Amino acid sequence: MEWIGWLEAKLSMQRAEVRKYATYYDSENKILNYAQQKFTEIFGDLFVGWRDNFCPLIVDSVSERLRVQGFRMGPDEPADKDATDIWQFNKLDAESNAAHIDALMGGASFVTVWGDEDDQPLMVPESAEDVVVQYEPGSRRKRAAALKQYVDDWGIEHATLWTPTRVFTTDRPFTGTDSERRWSEPQETSNPLKQVPVIPLLNRTRLKITPFSELAAIIPVQDAINKVAADALVASEFAAFPQRILSGVEPLPENPSTDDIEAARQEAIRAYIDRILTLDNPDAKWGQFEAADLKNYVVLIDMLVQHMASQSRVPFHYFLLNGGQAPSGESITAAEAGLVAKARERMLHFGESWEEAMRLAFLVKGDTSRAKAYSAEVIWDDPEYRSKAQLADALLKMKELGVPEKQLQEEYGYTPTQILRFDAMREEEMKRAKELADKYGLSDMLGPNGQQQPGQPGKPGQPQSSTRGEAKPKTPQDKVASVELKKAA
């Protein structure tokens, strides 16, 4: 109960921090800030749901480049099929992306690893709003305990506490005051894994274990953009059209009646919207203030967006700056170099967590060999976007350097499952070609790999037919005979 009380308080502080970033990512941040209370009263309800929010772009531009293709459980081994099966069994193609988004947004997310009733490993990504970890004093890696706390659909609050040797579960009804609510007596079971099965995915931590959100430096700039946009909305209402001035018009009489006031108001409205004013009083005068130029607001917002792009290392064309034209060729490679480097750095941190989670999953299966595969590595998809033709040309040059074919297929972006299918499909094609050759008596035309030999069809020594039906001479004698035939013709 002491562990639960301590970690519950720690989780409460962590949850408040994560919720702050989640409101900006979900575009639920506070309403626009106006310069005066009067403007808030006039426009507050009108633009209550309006946002000029770039925070989701900052997170999604990185998360969309973090795609796990598979695992290699040793430096000299191919992609591990069992690891791929575990990954697919837990639907982590999609769930891992959600874990990456949460870690980039709030600074951390978590993966719990446990076994089901059939001893199949369960890898479940968890939110930092529900899970918290406590490290042993003086250590940044060894976990002393972890707590998961959540409320179900019936309003009952549940808690699970993991220690290296024991697992405790408890609950309490979500009713009454905080002073009246008490956790029930925890149910205790042993921990067969002998370690805390909760692995954090930390977003670019420093040597001090403090989660780092991608939005930490962006939120002040985002607030400034919203403030300037609010000022622009006010200016568009009050100063974006000419303001007319009338003087010498008959004033209202003393003690005006309701009809007099209404008539004056209607005249003011007509003066407000009419293009031509007619005044009966020959001494009346008129004038106007010119409409305000709103370009100053546009320039200021563009400057703030540029600062946001520089701080987040997201290319300018993602924000539709400079006309929104995306660069091409070498220009887009240079423009996205910072974002690609940022994605590769996140792969480094997240990859360590996924490798540990996969080793723990093999421990659940009882595979002690791969549970200690500390040289395991994650196979990531290439975070750099390139054209297919450009990438294929680069891979052909790599093949000339002696790079194996399977490595080239990984570089092209094929998953380990697809690469295994290629081997089976290639074998099936060779088998089919051999069957056809045996059927039509053409076995001597096939090479050892089942492919047609050069100079085929036709038996060795015979001329090969061209597409125009003409025999191609193969020997000097044939060439001489062909020349003689042409002369005779």
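Strand β2 (residues 108–115) and β3 pair antiparallel over six bridges, where pairing takes at least two DSSP bridges between two strands. Helices (H or I, at least four residues) and strands (E, at least two) are DSSP runs, numbered from the N terminus. This is a predicted model, in which local features need pLDDT of at least 70 and side-chain atom pairs count only at pLDDT 80 or more, while totals for chains, interfaces and linings use all residues. Residues are numbered from 1 along each chain as its sequence is written, and side-chain values use heavy atoms, with hydrogens and water left out.

**The three-stranded sheet**

- This open sheet runs in the order β3-β2-β9, with antiparallel pairing.
- β3 (121–126) and β9 sit at the edges with a single partner strand each, so one side of each has no neighbour in the sheet.
- On average, neighbouring strands here are turned by 20 degrees against each other, direction ignored; axes are lines fitted to C-alpha atoms, for helices over the stretch in contact, and angles run from 0 to 180 degrees between N-to-C directions.
- α10 packs on the sheet and touches β2, β3 and β9, its direction making about 165 degrees with that of β9; contact means heavy atoms within 4.5 Å.

**Buried elements**

- Five of the five residues of β9 are buried, so the strand is largely enclosed by the rest of the structure; buried means under 20% relative accessible area, exposed over 50%, and partly exposed in between (1.4 Å probe, protein chains only).
- Both faces of β9 are covered, with V198, P200 and L202 buried on one side and I199 and L201 on the other.
- Helix α3 (residues 55–63) has seven of its nine residues buried, so this helix too is largely enclosed by the rest of the structure.
- Those buried α3 residues are C55, P56, I58, V59, S61, V62 and S63.
- Their cover includes α1 (2–25), α5 (92–106), α6 (219–238), α8 (295–312) and α10.

**The five-stranded sheet**

- A second open sheet has the order β4-β5-β6-β7-β8, again with antiparallel pairing.
- Its edge strands, β4 (131–135) and β8 (187–190), each pair on one side only.
- Neighbouring strands of this sheet are turned by 15 degrees against each other on average, direction ignored.
- Five bridges hold β4 and strand β5 (residues 143–151) in antiparallel pairing, and Q134 stands opposite A145 in β5.
- α1 packs on this sheet, touching β4, β5, β6 (156–162) and β7 (166–173), and its direction makes about 120 degrees with that of β4.

**The largest pocket**

- The largest pocket has a volume of about 730 Å³.
- Of the 22 residues lining this pocket, Y135, R140, R141, R143 and E356 are the closest to its centre.
- β9 (198–202) and α10 (337–365) are the elements that give two or more residues to the lining, and α10 supplies the largest share, six residues.
- By class, the lining has nine nonpolar, four polar and nine charged residues.
- On terms, a pocket is an open set of points on a 1 Å grid over the protein atoms alone, where a 1.4 Å probe fits, with protein on both sides within 12 Å along at least five of seven lines; lining residues have an atom within 4 Å of a point.
- Grid points are joined across faces, edges and corners, and the volume is the space filled by probe spheres set on the points.
- Ala, Val, Leu, Ile, Met, Phe, Trp, Tyr, Cys and Pro count as nonpolar, Asp, Glu, Lys and Arg as charged, and the others, Gly among them, as polar.
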